[in-house]
Amino acid sequence: MSPSDTALAGRTETLAQERRTEDFKDGLIREIPNLRAFAASLSGSIQLADDLVQDTLLKAWGNSDKFEPGTSLRAWLFTILRNTYYSLYRKRGREVQDSEGTYAERMATHGNQESHLDLADFRKALAKLPEEQREVLIMVGATGLSYEEAAEICGVAIGTIKSRVNRARTKLAELLSIGSVDDLGPSHTNAAAMQRVGPESVGS
Amino acid sequence: MNRLDAAMTEPDDPDEGFDLVMDPKVQESIGRSLKAHYDDIVNAPVPDKFLVLLAQLEATEQRVSGVSRDESQ
């Protein structure tokens, strides 16, 4: 190989590396909204959520060689975010909630005013769930992750995920007073409120 | 299927039987609220600081790989 061939090979390798970096960065950017939503659900605070997302992005960047292309980037990032939360943020989250109230009361929402109030009620109830139930309910019920992925992220069996989701739903129904079929009738304000939240905010 | 069924019951979960009979309408209602909560944040504008951070990380990496390329020649 002539020196110019070597230089060319080096340049080609560098370009390939830059391309991989670019793809990885684009992947991270696409996942930021989901990371924020998951982080806010975990910590109960949008400010903490953004710190948590920043830490997650830094760690993901530093460990990009450990990500296996072809596997779910979202599941990989959620694992990092969750570990970061439990090792560094959990205590801070409680302190922030104690001093400022939860994001349920403070966060600006992007729906109309009416659904904002209903969403706030739901978030207050969600914040009352035990962490281990709340995180799996969010993963399985809102993020599009499978039970299998949730089980892997949390390091527990699929059966454990299923039973936590069930308990979380039961507890939420209890907190929102929609435990029985009768409670879902049109006269019940909470149930009616929840009906309104759905169609307007989802998929907007 | 069998393996999943076997894994269904958490040993420390006395409520399992009760949980499984939850009314589908209640479950649906909770599901909708859950999505509304989550999507509300997903659809919020992403703060610029995250894009700035990633651009900086990328620039740093390119500078580092540029330096090592120069050194190898």
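In helix H7 (residues 147-154) of chain A, four residues are buried: Glu149(A), Ala150(A), Ala151(A) and Ile153(A). The model is predicted. Chain A has nine helices and zero strands. Chain B has four helices and zero strands. Helix H3 (residues 24-42) of chain B meets H1(A), and H3(B) also meets H8(A).

**Helix H7 of chain A and Ile153(A)**

- Ile153(A) sits in helix H7 of chain A.
- Ile153(A) has 24 other C-beta atoms within 10 Å; the cut-off for a buried residue is 20 or more, so Ile153(A) counts as buried.
- Beyond its neighbours within four places in sequence, Ile153(A) is in contact with Ala75(A), Phe78(A), Thr79(A), Arg82(A) and Met139(A).
- Val136(A) lies 17 residues from Ile153(A) along the chain, and their C-alpha atoms are separated by 9.6 Å.
- Gly155(A) follows H7(A) and has a positive phi, near 70 degrees.

**Chain make-up**

- Read from the N terminus, the elements of chain A run α-α-α-α-α-α-α-α-α.
- Chain A has 204 residues, and 42% of them count as buried.
- Take the contacts in chain A between residues at least 6 apart in sequence: 62% of them join residues at least 24 apart.
- Chain B follows the pattern α-α-α-α along its sequence.
- Chain B has 73 residues, of which 16% count as buried.

**Two domains in chain A**

- Across the boundary, 15 residues of domain 1 of chain A are in contact with 12 residues of domain 2 of chain A.
- On the domain 1 side, the elements giving two or more residues are H1, helix H3 (73-100) and helix H4 (103-106) of chain A.
- H3(A) gives the largest share of that side, five residues.
- By class, the domain 1 side has six nonpolar, six polar and three charged residues.

**H1 against H2 in chain A**

- H1(A) and H2(A) pack with their axes 8 Å apart, at an angle of about 135 degrees.
- That angle makes H1(A) oblique to H2(A).
- The crossing of H1(A) and H2(A) is right-handed.
- From H1(A), the contact uses Leu28(A), Ile32(A), Leu35(A), Arg36(A), Ala39(A), Ala40(A) and Ser43(A).
- From H2(A), the contact uses Ile46(A), Leu48(A), Ala49(A), Asp50(A), Leu52(A), Val53(A), Thr56(A), Leu57(A) and Ala60(A).
- The residues of this H1(A)-H2(A) contact divide into 12 nonpolar, two polar and two charged.

**Gly44(A), in the loop between H1 and H2**

- Gly44(A) is in the loop between helix H1 (3-43) and helix H2 (46-62) of chain A.
- Gly44(A) is buried, because 25 other C-beta atoms lie within 10 Å and 20 or more is the cut-off.
- Arg123(A) is 79 residues from Gly44(A) along the chain, yet their C-alpha atoms are separated by 8.7 Å.

**H1(A) against H3(B)**

- The axes of H1(A) and H3(B) come within 8 Å and cross at roughly 130 degrees.
- H1(A) and H3(B) are therefore oblique to each other.
- Their crossing is right-handed.
- H1(A) contributes Pro33(A), Asn34(A), Arg36(A), Ala37(A), Ala40(A) and Ser41(A).
- H3(B) contributes Tyr38(B), Ile41(B) and Val42(B).
- This H1(A)-H3(B) contact has six nonpolar, two polar and one charged residues.
- Arg36(A) and Ala40(A) meet residues of H2(A), and Arg36(A) and Ala40(A) also take part in the contact with H3(B).

**H8(A) against H3(B)**

- Helix H8 (residues 158-175) of chain A packs with H3(B) at an angle of about 90 degrees, with the axes 10 Å apart.
- That makes H8(A) roughly perpendicular to H3(B).
- Arg169(A), Leu172(A) and Ala173(A) in H8(A) meet Val26(B), Gln27(B) and Ile30(B) in H3(B).
- By class, this H8(A)-H3(B) contact has four nonpolar, one polar and one charged residues.

How values were computed:
Residues numbered from 1 in each chain as written. Chains lettered and ligands numbered in written order. Predicted model: local features only at pLDDT ≥ 70, side-chain atom pairs only at ≥ 80, totals over all residues. Buried ≥ 20, exposed ≤ 12 C-beta atoms within 10 Å, placed from the backbone. Contact = placed C-beta atoms within 7 Å. Axes fitted to C-alpha atoms, helices over the stretch in contact; angles between N-to-C directions. Parallel < 35°, antiparallel > 145°, perpendicular 65-115°, else oblique. Left-handed = near helix turned anticlockwise from the far one by under 90°. Nonpolar A, V, L, I, M, F, W, Y, C, P; charged D, E, K, R; others polar.
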